[in-house]
Amino acid sequence: TNRTFTMIKPDAVENGHIGAIIEKIQTAGFKIVAMKYTQLSEADAKAFYEVHKERPFYGELVAFMSRGPIVAAVLEKDNAVEDFRTLIGATNPEEAAEGTIRKLFATSLSENAVHGSDSDENAAIESNFHFSGREIY
Ligand code: ATP
């Protein structure tokens, strides 16, 4: 479909990058159809990242994602999922292309500034995790 879900992660919020990241997203042609400043509880983070629960970094990821505020948003554009993952760059900022959001703003592999859904199906699941139908325009 034409929508994806993103979070500006706690590291980028702590480092004052919310405005710059939203600017990059809009300049790349994404329309914001839902957005909120919020914080994940530990239980929320565990549930959101349940697919990673057998991975060695799961505990670290849950602690990181729940340690401070985030910005959650639903974005609209043709080819949204794939184009947004191109815009954010590789998971590891050291491997991310020049000009990508992670290259510019991420701290490390684990604290990598932004999330982007990896499929249309997950975009819908993740959007519904954070937003009710009335909050998406
Ligand atoms: P995201 O799902 O956040 O968009 P991604 O799809 O690029 O990221 P995944 O492999 O799904 O990456 O990992 C989810 C998140 O877990 C990463 O964004 C990163 O914050 C963290 N992570 C991934 N690999 C590691 C690792 N080896 N050590 C620590 N944290 C990691």
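Residues are numbered from 1 along each chain as its sequence is written. Because the model is predicted, local features need pLDDT of at least 70 and side-chain atom pairs count only at pLDDT 80 or more, while totals for chains, interfaces and linings use all residues.

Let's start at the ligand. Around it sit Phe-57, Glu-60, Leu-61, Thr-91, Leu-109, Ser-110, Asn-112, His-115, Gly-116 and Asp-118, where a residue is near a molecule if its C-beta atom, placed from the backbone, lies within 6 Å of it. Two elements, α4 (58-65) and β4 (114-116), each supply at least two residues of this shell; helices (H or I, at least four residues) and strands (E, at least two) are DSSP runs, numbered from the N terminus. By class, the shell has three nonpolar, five polar and two charged residues. Here Ala, Val, Leu, Ile, Met, Phe, Trp, Tyr, Cys and Pro count as nonpolar, Asp, Glu, Lys and Arg as charged, and the others, Gly among them, as polar.

The UniProt record, an unreviewed entry, places its "binding site" annotation on Lys-9, Phe-57, Arg-85, Thr-91, Arg-102 and Asn-112. Such positions are given in the numbering used here, feature names are shortened, and annotations may be inferred rather than shown by experiment. Arg-85 belongs to helix α5 and is partly exposed, because 16 other C-beta atoms lie within 10 Å. Arg-102, in helix α6, is buried, with 24 other C-beta atoms within 10 Å. The cut-offs are 20 or more other C-beta atoms within 10 Å for buried, 12 or fewer for exposed, and partly exposed in between, with C-beta atoms placed from the backbone. Beyond four places in sequence, Arg-102 touches residues including Pro-93, Asn-112 and Ala-113; contact means C-beta atoms, placed from the backbone, within 7 Å.

Ala-113 has a backbone feature to look at: its phi is positive, near 75 degrees, though the residue is not glycine. Ala-113 lies in the loop between α6 (101-105) and β4, and counts as buried because it has 27 C-beta neighbours inside 10 Å. Asn-79 also has a positive phi, of about 60 degrees, in the loop between β3 (70-76) and α5 (80-88). With 11 C-beta neighbours inside 10 Å, Asn-79 counts as exposed.

Finally, the largest nonpolar core has 29 residues, and Ile-21, Leu-75, Phe-84, Ile-101 and Val-114 have the most contacts inside it. Such a core is a set of buried Ala, Val, Leu, Ile, Met, Phe, Trp, Tyr and Cys residues joined through C-beta atoms within 7 Å.

Key. Contact = placed C-beta atoms within 7 Å.
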